[in-house]
Amino acid sequence: MQKRVTVVGAGHVGATLVQRIAEARLADVVMVDVVEGVPQGKGLDLLEAGPVLGYDSKVTGTNGYDETAGSDIIVITAGLARKPGMSRDDLLAANGDIVKKVAQETGRLSPNAIMIVVTNPMDVMAYVAMRASGFPRERVVGMGGVLDSARFRTFIAMELGVSVENTHAFVLGGHGDSMVPLPRYSTVAGIPITEIMSAEQISRLVERTRNGGAEIVALLKTGSAYYAPSAATLEMVEAMLLDKKKILPCSAYLEGEYGVQGAFAGVPVKLGAKGVEQVVEITLSADENAAFMKSVDAVRAGCAKFM
Ligand SMILES: NC(=O)c1ccc[n+]([C@@H]2O[C@H](COP(=O)([O-])OP(=O)(O)OC[C@H]3O[C@@H](n4cnc5c(N)ncnc54)[C@H](O)[C@@H]3O)[C@@H](O)[C@H]2O)c1
């Protein structure tokens with residue numbers, strides 16, 4: 001039977017993700033949004049691209065949740081972006097309410113699904129989704145590290161003039177200003193970048209990675225990145241639907257790993273059909289560990305509002 005993925009939020013990230021899933025012929029997709037007509041219109045438009053591109057994925061757009069029942073994966077991209085005059089706390093509260101409701105509705109109708117949370121502030125929203133759905137930690141995961149690592153890889157490839165395919169990068173910690181890129185574990189054709197780049201080059205690329213989201217917001221002026229975020233989410237969807245056991249940096253709920261008890265943070269995890277099948281622990285240097293813990297504290301402060 002064809003797998004089913006629900007994508008909540010038919011905005012930039014959500015609709016582009018639906019397009020990517022259909023074009024990869026991975027699953028049927030149900031797209032949900034509160035705005036009347038938008039998910040239906042985008043869904044029909046994507047269906048009509050199928051004959052040209054040769055995919056048979058059924059794309060359904062709806063303002064309700066009934067059609068999402070029995071989904072294998074639920075991706076939450078619904079939420080507000082920051083507007084002038086809005087504080088981070090306003091966004092946190094508004095998106096927290098949205099994600100809570102979405103996780104309750106979708107979780108009830110697809111009790112065995114895996115949830116991928118994209119809505120920002122992502123690590124906190126993953127916690128809200130886990131609480132609201134009642135899902136075990138293996139089945140709630142946040143998208144952030146794959147995107148941050150992809151940005152780091154892009155900048156490494158640009159700097160060295162090599163193929164992006166030669167690059168691997170690890171970015172851990174919360175998906176925010178306090179993220180922790182790990183140059184030691186970032187490689188070009190297997191060679192750590194610390195061997196082939198100067199400290200100045202690395203710190204410049206690390207800084208650009210940290211500001212990767214803001215750099216795009218500043219260029220677009222309205223809205224934020226969505227091509228790379230949807231591609232990063234697709235990689236996670238594919239790893240789980242195809243049970244690839246792929247190790248990717250994702251936000252997972254830690255229960256003792258990395259010395260963290262009860263918080264979401266970006267760490268390497270093994271993604272397969274059961275969701276987060278393993279948290280992979282790597283040894284951090286004292287500096288890396290301090291940066292990681294600082295980033296976890298920032299996530300905890302956001303979560304405190306939803307305890
Ligand atoms: N984790 C990451 O790395 C990452 C990357 C990019 C974007 N984001 C976040 O993803 C979210 C979506 O970004 P976007 O660019 O697609 O924004 P967008 O404004 O284009 O789309 C958001 C959509 O959510 C819908 N929505 C709002 N409330 C809803 C509800 N209760 N139920 C269903 N749908 C609802 C809106 O109508 C809109 O269509 C934002 O919070 C953004 O910050 C996260």
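How far is a nitrogen atom of the ligand from a polar backbone atom of M143? In this predicted model, in which local features require pLDDT of at least 70, side-chain atom pairs count only at pLDDT 80 or more, and totals for chains, interfaces and linings use all residues, the distance is 2.8 Å. Residues are numbered from 1 along each chain as its sequence is written, and side-chain values use heavy atoms, with hydrogens and water left out.

Two further pairs involve the protein backbone. An oxygen atom of the ligand lies 2.8 Å from a polar backbone atom of V13, and a nitrogen atom of the ligand lies 3.0 Å from a polar backbone atom of V118. The protein covers 84% of the 870 Å² of accessible area that the ligand has on its own (Shrake-Rupley method, 1.4 Å probe). Around the ligand there are 24 residues, of which H12, V13, D33, M143 and H175 come nearest (a heavy atom within 4 Å). This shell comprises 14 nonpolar residues, nine polar and one charged, with Gly counted as polar.

The largest nonpolar core contains 52 residues; such a core is a set of buried Ala, Val, Leu, Ile, Met, Phe, Trp, Tyr and Cys residues joined through side-chain atoms within 4.5 Å, where buried means under 20% relative accessible area with a 1.4 Å probe, protein chains only. Helix α9 (residues 227-241) gives the most to this core, with seven residues (helices are DSSP runs of H or I, at least four residues). M236 is among the residues with the most contacts inside the core. Leaving aside residues up to four places away in sequence, M236 touches residues including I116, M143 and L271 (heavy atoms within 4.5 Å).

Methods
Buried < 20%, exposed > 50% of the residue type's maximum accessible area, 1.4 Å probe, protein only. Helix = DSSP H or I, 4+ residues; strand = E, 2+ residues; numbered from the N terminus. Polar contact = N/O pair within 3.5 Å; in protein donor to acceptor, adjacent residues only side chain to side chain.
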